[in-house]
Amino acid sequence: MDLSNLNQKQREAVTSIGGPMLVFAGAGSGKTRVLTYKIAYLIQEIGLDPKNILAVTFTNKAAQEMKSRVHNLINVPIDGISIGTFHSIGANILRKEIKILGYENNFSIYDQTDSRSLIKTIIKDLDLDLKMYDPKTAQIRISQAKNNMQSPDELLSSSYNRIEERYAEIYKIYVNRLNENNSVDFDDLLVLPIKIFQESEEKLIKYQDKFKYVLVDEYQDTNKPQFELIYSLTKIHNDIFVVGDDDQSIYGWRGADISNILNFNEAFDNSKVVKLEQNYRSTQNILSAAWSVVSKNSQRSDKQLWTENEKGDLISILESFNERNESSKILKNFLEVKKNNQDSKNSDFVVLYRTNAQSRVIEDEFRKAGIPYQIIGGVKFYDRKEVKDLIAYMRLIVNHNDSVSFDRIINFPPRGIGKTTLNKIHSLLDDKKILDVISDLSLLDVGKKQKKSINDFYNLIRLYSDKSKNQSPSLLINDLIHDLGLKEYYMNQNTTESNDRWLNIEECINSIADYELLNKDTRLSDYLQEVSLLTDIDSWNKQDDVLMMMTIHSAKGLEFPYVFVGGLEEGLFPIVRPFEDGDIEEERRLFYVALTRAHKKVFLSYAKSRRKFGGEPIKTAASRFINEIPKKLINLDFISFDESHTNVQHNSNISIGNIVEHKLFGKGKVVNIEGEGANSKITILFFNNERKKLIYKYANLTILKES
DNA sequence: CTAAGTCACCTTTTT
DNA sequence: GGTGACTTAG
C-alpha cells in the first residue's frame, strides 16, 4: 500500500498494529486521513476481513464518507464493515440481541420529545404536580442516571430529599413503561448493549470475536457507557485504536468524560501514544490565535500545533450596534471577500454561533440578499409536528406496543376521540399491547360514534401492519397518506402554514423513496431506525454551492476557507448561568474549535446590544475570548462604530451578573435587564431561588458586587 | 369534542 | 418571536 501521502507520525499511527493506541490528533492534523488509511491498511496489508472491523464515527455522514474513502483506497468491497455512530452501532446490536432483555426486535426508538411525553404521562399518573415535578428535570435526572449506569434503585438510595426520591421513582416506572411499549430511548442504545454483555457471556464473546479491531474517532467526547462498551469489546484482544484531541472536547454537558482520553494508558495496558502536531489546514495566524486561547486552559495534555502554511490574513473583528447590524456586517464582509476572490464559492463560507436562536437574524439578511444558504440544526425536519405524526403511524404499524405513538395519532387527523375516551382506553391497558386494547371494544364505555372511529382506526393499523410484510415502505406510506386524507386535510386549511406542512409530508415521502433506492429490501423498521438517528448534518450535500450556518457544536470535524463567528459577547459566548460556574474551559475549547475550522480567514463578530426572546435590547459586552487573542494577530481596521447609533442612553450602572440587595427580598443576582435606564426591568434571581422582575427606579437596589 | 385564542417559558450546545 | 399548555366559546 502506498503510504507516501502520510508524514512520519501519521505513518507510525497507521502501521503500528496490535495493542491499544491513542493518537492525539490536533485540529487539521490529518486525523481523518489516518483513520481511513488505518482501516485500509488493516484490510489490505494485515488481511483483516472488513466484517471484523468496528469503526465509530461522530456522525452518520462521517461514517459514509469514511467508507467511500477506504473503498477508493483499496478497491475492495467493504460493505461488511461496522461503521457508524455509537448510537447506530448500539441500535444494530439491539436489533439482533434485544430479546434477551425481554423486548421484541421491532422496538421503537424514542427521541427526546417522545421520551418526555412518556415521562409527563407518568408524572400525571402518579398524581404529582407538574410544576413541582418538572418532566424536563425528570428527563435530565433519568438521562444522567443512565449515563452513570445507575439503576432506579441505586438512584433512589443516593437521593437526598423527597423530590429526588420521587424522580427515582419516576425513573423506575419510566424504565418499565419503555419496556411495556417495546421502546428504547437514546441512552438505552448505549446502555442496553452493555447490559446484554453483562448478562450473557456468550453474546459478549460473540461480539468480541466479531469486532477484532475497534477504532474510535473523536475519543475525547466519549462518555461512560461508550467507554464501557468498547472496553468490554476489546478486553480480550486489546486491539483498540482511538483518535482524539482533548482541546476539542465540547460535550461535557452531556456526560462526555475528558478523562477517558487523558487516562487512556491507565485503562488500557501497554498502550502507545502518537501525537500529530503538524497542521495542514490553517494559516499561522489562525493557529497562533487558537493556541493563545486554548493554552489558557489548565486541564490539557501537552502538545502544540505547528504549520508550514503562510502567516495569512489577520483575524478581523466586527463590532456592531445590535444583532441586525451584526448580520449586515457579516453579509457585507462575505460579499467583499467574494469580490476580492473571484474563484471563491458560497460553500467556502460558514457562519458559526453559540446558540441556534442566533441564526434567524443572520438568515433574514442572507435571504434578502439572495445568497443561497443552508442552516444546520434548530428545529429538525423530523421534529416537526406533521412529520412526527406520520412517523408515529409508521411506528405503531411496526410496533403495536408503542403507546406514545398511539396517543399521538389516535385523534389525528381529528376523529372525535378526546381526552376522556383516551383515558378510558388507557385504563384498560394492564400489560396488554396498546393496539390490542382496542381490538375488543365491549369493555369500553364510550359513545357509539367513538366506538366506530376507534374500530376504524384499529382496522386501519392492522391492515397496514399486514401490508408492511410484503409491500415496500414507500408504496405503503403513499397508500396510508391517501387513506388518511392527509392531503385534503392540509389543503382545506389553506394557510401558508398548512401548505408548508403538506410540503414537509411530501418531503418525507421522498426521503423514504430515497432511502429505499439506496438500501435494497428495506423494511419499514429499517427506515424508522435510520430516521431516528439521523441529524441535520447528515443530509448536508457538499456539492451544493451554499453558505452554511450552524452552531459550533455542529461544525465539529468540518472545515471551511472562511469562517464567521457571531455573537462573541459575554453571557452568550462564553455562556454563563447564574449560580453555576459554567465550565469556562469547555467554552474556551469551543472557541478553539470555532477558530480551527478555518483555512484562510476568521471574522469574529459581536454586537453591543442584543434582543433576547424578541424582547427589549440588552446591553452586551465583548467576549473575553476576543481579548485573549494577542493584539498583533488582530485587524483593528475592521472595528467601526456606527455613528448613527452612538447616541444610545446607558445611564443605569447596573448590569447582568451584579449581586444586589433588595430591602424586602434580600440578596440576589441580576440575571436579565430589559430596556435601558430608570424604567428598565431587572430580573433578579434571589438567593432563596425566587425569581422576580422589578422596575429599576422603584426597586431601590444596592449593588453589593459588580460582576 | 373542536378550534381559536391566551399565557408562560423559553435558549446553551445533540445522539 | 416561537412553541406547547391551558382556556373558552361553539
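Which residues lie nearest the centre of the second largest pocket? The legends below will show you. This is a predicted model, in which local features need pLDDT of at least 70, side-chain atom pairs count only at pLDDT 80 or more, and totals for chains, interfaces and linings use all residues. Residues are numbered from 1 along each chain as its sequence is written.

**View 1. The second largest pocket and its lining.** Thr121, Lys124, Asp407, Leu422 and His426 lie nearest the centre, among 27 lining residues. A pocket here is an open set of points on a 1 Å grid where a 1.4 Å probe fits, with protein on both sides within 12 Å along at least five of seven lines; lining residues have an atom within 4 Å of a point. The space inside is about 870 Å³, taken as what probe spheres set on the points fill.

**View 2. Helices around the second largest pocket.** H5 (112-125), H8 (162-180), H18 (403-409) and H19 (419-427) each give two or more residues to the lining. Helices are DSSP runs (H or I, at least four residues) numbered from the N terminus. H5 brings the largest share, 9 residues. By class, the lining has 12 charged (Asp, Glu, Lys, Arg), 6 nonpolar (Ala, Val, Leu, Ile, Met, Phe, Trp, Tyr, Cys, Pro) and 9 polar residues (the others, Gly among them).

**View 3. Helix H15 meets helix H16.** The axes, lines fitted to C-alpha atoms over the stretch in contact, of H15 (residues 323-340) and H16 (residues 359-368) come within 9 Å and cross at roughly 45 degrees. Contact (heavy atoms within 4.5 Å) involves residues including Phe334 of H15 and Phe366 of H16. Its residues comprise 6 nonpolar, 2 polar and 4 charged.

Conventions
Chains are lettered from A and ligands numbered from 1 in the order in which they are written. Side-chain values use heavy atoms; hydrogens and water are left out. Axes are lines fitted to C-alpha atoms, for helices over the stretch in contact, and angles run from 0 to 180 degrees between N-to-C directions.
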